[in-house]
Amino acid sequence: MSNRFKFRIYSFLDKSFHYFSIGDGETGYPQGIAGGVSEIQQYTGLNDKNGKEVYEGDIVEWGNLKYLVEWESNKWQARCPYYSRYHHPKLEHFRDVESGIVVGNIFEYKFD
């Protein structure tokens with residue numbers, strides 16, 4: 001049984017993600033990354049319908065809306081960032097992201 005947790009961190013310096021795992025004897029945080037980085041984002045354990053891994057901070061298109069994947073209130077959720085924090089559509093069941101498509105992330109995606 002694997003006890004690995006996957007993460008990524010975005011470098012604003014080289015405009016790319018750096019991926020790493022923790023567990024099963026791995027040390028974790030990638031070496032050589034210093035300054036100008038995002039907070040660490042965790043893999044949700046789910047993949048989109050094309051098999052792409054879904055991470056915190058990804059933008060998932062589902063139906064005719066785009067949702068931001070985030071960790072809030074001790075659970076994964078996907079919410080539509082076009083609406084206020086208190087009045088916004090959320091995917092009823094987070095596992096529905098598996099029938100959507102990852103179209104970007106909060107660092108590189110420009111909402112229309």
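1. The side chain of Glu70 forms a polar contact of 2.7 Å with the side chain of Arg79. The structure under discussion is a predicted model. A polar contact, also of 2.7 Å, links the side chain of Glu70 to that of Gln77.

2. Is Glu70 buried or exposed? Its relative accessibility is 12%, and Glu70 therefore counts as buried, the cut-off for burial being under 20%. Glu70 lies in strand E6, which covers residues 65-72.

3. Strand E6 belongs to an open sheet of four strands, arranged in the order E7-E6-E5-E8 with antiparallel pairing. At the edges are strand E7 (75-79) and strand E8 (101-105), each of which pairs on one side only. From one strand to the next, the twist averages 35 degrees.

4. Strand E5, residues 58-62, pairs with E8 in the antiparallel sense over four bridges. Within this part of the sheet, Ile59 has Gly104 of E8 as its bridge partner.

5. Which residues make up the largest nonpolar core? There are twelve: Leu46, Val54, Val60, Tyr67, Val69, Trp76, Ala78, Cys80, Leu91, Phe94, Val97 and Val102. At least two residues of this core come from each of E6 and E7. Nonpolar side chains tend to be buried together in soluble globular proteins.

6. Val97 is one of the core residues. Leaving aside residues up to four places away in sequence, Val97 touches Leu46, Asn47, Asp48, Val54, Val60, Ala78 and Leu91.

Key: Residues are numbered from 1 along each chain as its sequence is written. This is a predicted model: local features need pLDDT of at least 70, side-chain atom pairs count only at pLDDT 80 or more; totals for chains, interfaces and linings use all residues. Side-chain values use heavy atoms; hydrogens and water are left out. Two strands pair if DSSP finds at least two bridges between them. Axes are lines fitted to C-alpha atoms, for helices over the stretch in contact, and angles run from 0 to 180 degrees between N-to-C directions. Buried means under 20% relative accessible area, exposed over 50%, partly exposed in between (1.4 Å probe, protein chains only). A polar contact is a pair of N or O atoms within 3.5 Å; within protein, one must be able to donate a hydrogen and the other to accept it, and residues adjacent in sequence count only if both atoms are side-chain atoms. A nonpolar core is a set of buried Ala, Val, Leu, Ile, Met, Phe, Trp, Tyr and Cys residues joined through side-chain atoms within 4.5 Å. Contact means heavy atoms within 4.5 Å.
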